[in-house]
Amino acid sequence: MKQVLITGGCGFIGSNFVRHTLEHYKEYRLINLDKLTYAGNPGNLTDIENSPRYRFVKGDICDADLVRKIFAEEKIDAVVHFAAESHVDRSITGPAEFIRTNILGTFTLLEAAREAWLKNGDSTGKEYRFLHVSTDEVYGSLGETGAFQETTPYDPRSPYSASKASSDHLVSAYFHTYGLPTLITNCSNNYGPYQFPEKLIPLVINNALQGKALPVYGDGKNVRDWLYVIDHCEAILTVLHKGKTGETYNIGGNSEKQNIEIVSTICDILDEKVGLLPGEKARRSLVTYVKDRAGHDRRYAIDATKIRTELGWTPQVNFAEGMRKTVEWYLDHQAWIASVTTGAYREYYEKMYGGR
Ligand code: NAD
Ligand code: TYD
């Protein structure tokens with residue numbers, strides 16, 4: 001049995017990864033270290049919390065003593081590091097927490113791994129892995145054409161992407177300087193179950209269901225390359241199993257969409273599934289163009305040739321199917337949405353979008 005430290009396993013991608021891995025990869029025991037910030041919800045994992053192959057530890061990745069203790073107690077073989085502050089808009093209004101968690105937190109984990117695996121440990125015959133989950137946003141913004149490759153120079157433009165870029169550089173430095181067996185994945189925008197409704201897709205689903213305004217930033221023509229979250233989880237597992245240490249792998253859905261297309265698709269699926277709004281109004285009528293995000297990256301697109309040709313990963317869920325599954329999941333989990341959009345979320349929403 002391999003012992004894998006998951007950080008941020010109560011968030012969106014982390015909780016999907018924990019559930020998917022426990023179900024499909026019986027050789028792993030997962031230790032989930034999560035601080036339970038506003039974005040972390042233990043309720044995302046109630047169905048598996050009693051699994052003998054799962055342990056939850058509430059704590060901060062910046063807490064060096066705690067992280068060191070987990071490495072010693074659990075004899076960690078691999079780390080899959082998700083924990084981060086992840087929302088660009090929040091990084092604009094409050095960057096400090098992004099610097100702390102994303103940079104200092106990653107540094108703390110790297111130091112604990114170095115101590116356990118290289119300084120104190122007997123690495124003979126062991127295949128340790130430190131997989132750092134990162135984003136395509138580190139590459140900056142594209143024009144009308146082209147796609148990010150692993151060799152694209154870093155050009156982060158928001159406090160979020162700058163903090164992730166910084167953490168990527170630290171991970172890479174630990175490989176080159178100390179020989180820590182690291183892997184980095186840079187993935188495009190994810191969507192699917194359990195995404196916190198501050199991000200575009202769940203926010204729009206939630207508002208459209210309630211007949212509230214759908215805030216579209218700027219002209220709505222910014223482009224993101226969307227990937228269904230379980231495809232991302234499988235890509236991470238593929239890199240964990242077959243990736244070459246010291247390497248970076250880009251992960252993307254080959255599914256570029258303008259934001260306005262995303263919002264319109266959600267409206268149409270909901271109109272079909274739950275009927276039009278009162279007065280026979282289509283949900284597209286709720287679209288409200290609002291002030292653009294500061295420094296809003298225009299377009300992201302991923303060239304995933306390397307992971308496809310070298311490791312054999314390709315996405316399995318196409319965009320139309322993934323969006324339908326996602327909208328259905330939110331329709332079936334309205335109690336979940338209600339539970340995560342209470343007090344602090346309402347305050348955040350008021351501040352961001354006013355009375356809309
Ligand atoms: P999320 O915001 O939904 O979840 C983050 C999790 O980390 C939460 O459970 C939170 O409680 C935990 N956390 C935050 N600070 C912590 C700390 N100091 N110590 C311990 N736990 C802490 O994020 P997500 O969307 O699931 O993203 C996960 C990772 O994937 C992030 O590193 C993000 O940069 C990366 N990523 C996300 C996307 C995307 O589209 N969501 C795309 C590419 C890469
Ligand atoms: P988001 O889900 O925050 O992801 P990211 O900024 O990491 O790409 O936003 C996706 C896109 O949707 C981005 O171009 C900003 C835009 N957006 C809106 O137009 N309205 C919204 O209310 C939100 C949250 C995002």
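Let me start in a loop. Asparagine 41 sits between strand E2, residues 28-34, and strand E3, residues 54-58. Keep in mind that this is a predicted model. Is asparagine 41 buried or exposed? Its relative accessibility is 17%. The cut-off for buried is under 20%, so asparagine 41 counts as buried. What does its side chain reach? The backbone nitrogen of glycine 43, at 2.9 Å.

Now step back to the whole protein. It has 12 helices and 13 strands. The radius of gyration is 20 Å. The globule rule gives 21 Å for 356 residues, so the protein is as compact as a globular protein of that length. The C-alpha trace spans about 70 × 45 × 40 Å along its principal axes. As for burial, 56% of the 356 residues count as buried.

Next, the ligands. Take ligand 1.

How many residues surround ligand 1? The number is 28. The closest are Ile13, Asp34, Ser86, Tyr160 and Lys164. Two of these names come back in the polar contacts. A backbone N or O atom of isoleucine 13 is 2.8 Å from an oxygen atom of ligand 1. Aspartate 34 uses its side chain: a polar atom there lies 2.6 Å from an oxygen atom of the ligand. Then there is threonine 101. An N or O atom in its side chain is 3.0 Å from a nitrogen atom of ligand 1. On its own, ligand 1 has 830 Å² of accessible area, and the protein covers 97% of that.

Which elements build this shell? Helix H1 (12-24), strand E5 (129-135) and helix H5 (159-178) each supply at least two residues. E5 gives the most, with three. By type, the shell around ligand 1 holds 12 nonpolar, 12 polar and four charged residues.

On to ligand 2.

Here 17 residues form the surroundings. Glu137, Arg224, Arg293, His296 and Tyr353 are the closest. Tyrosine 353 makes a side-chain contact: one of its polar atoms lies 2.8 Å from an oxygen atom of ligand 2. The backbone takes part too. Leucine 200 has a backbone N or O atom 2.9 Å from an oxygen atom of ligand 2. Proline 215 has a polar backbone atom 2.8 Å from a nitrogen atom of the ligand. How much of ligand 2 does the protein cover? It covers 97% of the 510 Å² of accessible area that ligand 2 has on its own.

Again, the elements. Helix H6 (200-210) and strand E8 (214-217) each supply at least two residues of the shell around ligand 2. E8 gives the most, three residues. The shell around ligand 2 divides into seven nonpolar, five polar and five charged residues.

Last stop, helix H7. This helix runs over residues 229-242.

H7 is mostly covered, with 10 of its 14 residues buried. Here is the list: Val229, Asp231, His232, Cys233, Ala235, Ile236, Leu237, Thr238, Val239 and Leu240. One reminder for reading that list. An α-helix has 3.6 residues a turn, so residues three or four places apart point the same way.

That is the tour. Questions, please.

Conventions:
Residues are numbered from 1 along each chain as its sequence is written. Chains are lettered from A and ligands numbered from 1 in the order in which they are written. This is a predicted model: local features need pLDDT of at least 70, side-chain atom pairs count only at pLDDT 80 or more; totals for chains, interfaces and linings use all residues. Side-chain values use heavy atoms; hydrogens and water are left out. Helices (H or I, at least four residues) and strands (E, at least two) are DSSP runs, numbered from the N terminus. The expected span of a helix is 1.5 Å times one less than its number of residues. Buried means under 20% relative accessible area, exposed over 50%, partly exposed in between (1.4 Å probe, protein chains only). A residue is near a molecule or strand if one of its heavy atoms lies within 4 Å of it. A polar contact is a pair of N or O atoms within 3.5 Å; within protein, one must be able to donate a hydrogen and the other to accept it, and residues adjacent in sequence count only if both atoms are side-chain atoms. Accessible areas come from the Shrake-Rupley method with a 1.4 Å probe; for residues, only the protein chains shown count as cover. Ala, Val, Leu, Ile, Met, Phe, Trp, Tyr, Cys and Pro count as nonpolar, Asp, Glu, Lys and Arg as charged, and the others, Gly among them, as polar. The radius of gyration is taken over C-alpha atoms; the globule rule is 2.2 Å times the number of residues to the power 0.38.
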